[in-house]
Each structure stands twice: as C-alpha cells, then as structure tokens.
Amino acid sequence: MSAITVPVPKEFSFDEALTFLKRSPRELLHRVENETVSKAIRVGNTTAAFTVTFEKNKLHVRLLTDGLTPGQQYEVVAYIREWFDLDTDLKPFYALADKDKLLKDLVKQHYGYRIVGQPDLYESLTWAMLGQQINVAFAYTLKQHFVENFGATLQHGDQKYFLFPEPATVAVLTTDQLLPLQFSRQKATYAVTIAEAFANGNVSKESLQGLPLQEAKERLIKIKGVGNWTANYALMKTFRYPDAFPLEDAGLYNVVKKYKKLDRKPTADEMKKVFKKYKGWEAYATLYLWKSA
DNA sequence: CGCCAGGTTAGAG
DNA sequence: CTCTAACATGGC
C-alpha cells in the first residue's frame, strides 16, 4: 500500500480538525475511527479512497485504491491540502486575535484550528442551502438522506464509501422525489435549481476561481435559493476567502448578543462593528466564535 | 407546547 | 431601499 507524507504548518491541529469532522454521526462522506479519517473522492474519471492519519508532525495519506496514475495521486493530495486548509498562514490572524478580548482565549484553546473545507463548490453550496434556517442536527439528517439516495458509492473491503450526489443527477429530479427525504418544498426546489446551474455550466468552481469576493458572491446569488448567507458560507468553505463570512448567521448573532450582554438580537450595524476589528480575517474570526456558541 | 435554528424570496410600503 | 409574511420541520 502506498503512503504519502504531507507536511503541515506549525499552526495546525489535527485534533481540532478531527473534532470538527466528528461533529455528526450522520455524516456519510467521511469516517473518523482511531484518529484516522477515511474518505473517497472522484479524481478524473475514477474514484479514489484514502485514509489520513497524523504521525510525527506530518499527515500520512494512504491510498486504498490501486492503480491511480501519478496525476490522480497528486489530485488526492491536493484535495487533502485544501480540505485541511494547509496553505493558509495563520500567523497574522493569531497576532490580531491575541489583542482581541473576544478571540484571545478561543484561539489559545483551539490553537491550530483551521477551516475544514469543502473543495467541491457544488457540494459546499448545496450543503449551505440545506442548513438554511434549521438546526445543524437536522441539516445533517437532510444531507444523510440526500447522499444515501442520490450519491454514488464505492465498496472497499467491508467499508462502504459515499460520494456527494452529482449536479447532473440532482438537476433532473422532481421536487416530489425530495419531499420524502424531509426536504421542504422550498429546499427541494433550491436543490434542483443549484444542481441545474452547475450541470448546465452556468456556475463552476473554475469560473469563480480567482475572482474578487464580491464578484464571486454576485454570481452565486443569481442562483435562486442562494442568498448572502449561503454564498458567503460556501465561499468560505471552498475558496477560503478570508473575508467571506455569513454575517447574518444566527450563531454569530448569539455570540455577539452574549458578548455585549444584550437582551435582544444585535442589529446588523452592531454586527458589522464587531467584525470591523477582524477586517481581512472575518472567516477565521467566525470559525473561532462559532466554537464559543 | 413553544421557541428557535448555520435564511431566502416575493411583494408591499 | 427597508420591512414583512410565508415557507416548513425537527431539536430541545
């Protein structure tokens, strides 16, 4: 079995990443067992399963699928680098956070916590949409049903790996096929609309790559069902624009409410004021603030 | 049972 | 541009 080592930055915590990945027992797109993450992804025209562990200060990637070309192996490693957010230099953020009352303790407690991402923009956008206006636990239930019903699977040994559904698969669904999965009519419609946008090529990760945040956001918001919150969330998880963050997020409102000892929901202006301090690092500030919620 | 949850849209004022 | 109702369902 081939193994590949991947160096990580000093400010990286595999444990924090694992904690995040273990968030829901309903997650089908990866497994965490004995400090080992396993997952399958599509690379080119094939599917690759792999495991990731952390030993001697490095990630160790083991490919479970035989016969991958060097190019495909490279793609797997590139995916993992993106997934674990290994290419962001957190030093400037930590310098800023160390001087901030709200963040100071959080960044100490969770030192090395990064944005566990979703390198697939379609997955990211759909996942964000599923999470609109419901609690996270139920969002995972919806995702579980969605993946079980429409995602491809890969059997490796006694392990079954699920892949996120493809846009082309979802684009041709009727809302009636999604209602039994506990989707609301609205979410069912949104799911199909988002899939159509990707399936017909109107939106793709490649076409947004490198765009300024505002432009990327505008393109995503053209899709019905994708508002400011959803677009920011997806851009945060896929491209890690450091200043992409869901300002309207209920969790963030609650953190600020608590911090300012308010007896009501903070206003949008009050939220903006708090986040002004984190200019350029709003996404990471959000990540750590969610930890306190 | 009631309130709220990782919101968005369409329509009115 | 801002405000509001409707959507809609589970978790706690």
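**Cavities, strands and rings**

Trainee: How much space lies in the second largest cavity?
Mentor: In this predicted model, a cavity is a set of points on a 1 Å grid over the protein atoms alone where a 1.4 Å probe fits but cannot get out. Its volume is the space filled by probe spheres set on the points, which are joined across faces, edges and corners. For the second largest cavity, that space is about 30 Å³.

Trainee: Before we go on, which pLDDT do side-chain atom pairs need in order to count?
Mentor: Residues are numbered from 1 along each chain as its sequence is written, while chains are lettered from A and ligands numbered from 1 in the order written. Side-chain values use heavy atoms, without hydrogens and water, totals for chains, interfaces and linings use all residues, local features need pLDDT of at least 70, and side-chain atom pairs need pLDDT 80 or more.

Trainee: Between which domains does the second largest cavity lie?
Mentor: Lining residues have an atom within 4 Å of a point, and here they include Phe-12, Glu-16, Phe-84, Tyr-113 and Arg-114. Domain bounds come from an automatic or database domain assignment. Both domains give residues to the lining, so this cavity lies between domain 1 (3-86) and domain 2 (88-116 + 245-293).

Trainee: What about the largest cavity: between which domains does that one lie?
Mentor: The structure holds two cavities of 30 Å³ or more, and the largest has about 190 Å³ of space. Of its 18 lining residues, the closest to the centre are Glu-27, His-30, Gly-117, Gln-118 and Lys-143. Its lining takes residues from two domains, so the largest cavity lies between domain 1 (3-86) and domain 3 (121-237).

Trainee: Which helices each supply at least two residues of that lining?
Mentor: Helices (H or I, at least four residues) and strands (E, at least two) are DSSP runs, numbered from the N terminus. Those that each supply at least two residues of the lining are α1 (14-21), α2 (70-83), α5 (121-130) and α6 (136-150).

Trainee: On to the strands. Which residue in β5 is the bridge partner of Thr-51?
Mentor: Two strands pair if DSSP finds at least two bridges between them. Strand β4 (residues 46-55) pairs in the antiparallel sense with β3 (residues 36-43) over seven bridges, and Ser-38 stands opposite Thr-51 of β4. With β5 (residues 58-63), β4 makes another antiparallel pairing, over six bridges. There, the bridge partner of Thr-51 is Arg-62.

Trainee: Which residue takes a positive phi in the turn of the β4 and β5 hairpin?
Mentor: In the hairpin of β3 and β4, with two residues between the strands, Gly-44 has a positive phi near 60 degrees. The β4 and β5 hairpin also has two residues between its strands, and the turn residue with a positive phi of about 50 degrees is Lys-56.

Trainee: How many residues of β4 are buried?
Mentor: Buried means under 20% relative accessible area (1.4 Å probe, protein chains only). Strand β4 is mostly covered, and of its 10 residues the number buried is seven.

Trainee: How far apart are the ring centres of Trp-127 and Tyr-140?
Mentor: A search of the whole structure finds 26 aromatic pairs, and Phe-14 with Phe-84 is tilted because the planes lie at 35 degrees, with centres 5.9 Å apart. That pair links helix α1 to the loop between α2 and α3 (91-98). The planes of Trp-127 and Tyr-140 lie at 50 degrees, so this pair is tilted too, and the centres are apart by 4.8 Å.

Definitions and conventions. On a 1 Å grid over the protein atoms alone, a cavity is a set of points where a 1.4 Å probe fits but cannot get out, and a pocket is an open set with protein on both sides within 12 Å along at least five of seven lines; lining residues have an atom within 4 Å of a point. Buried means under 20% relative accessible area, exposed over 50%, partly exposed in between (1.4 Å probe, protein chains only). Rings of Phe, Tyr and Trp (its six-membered ring) pair if their centres lie within 6.5 Å; planes under 30 degrees apart count as stacked, over 60 as edge-to-face and the rest as tilted.
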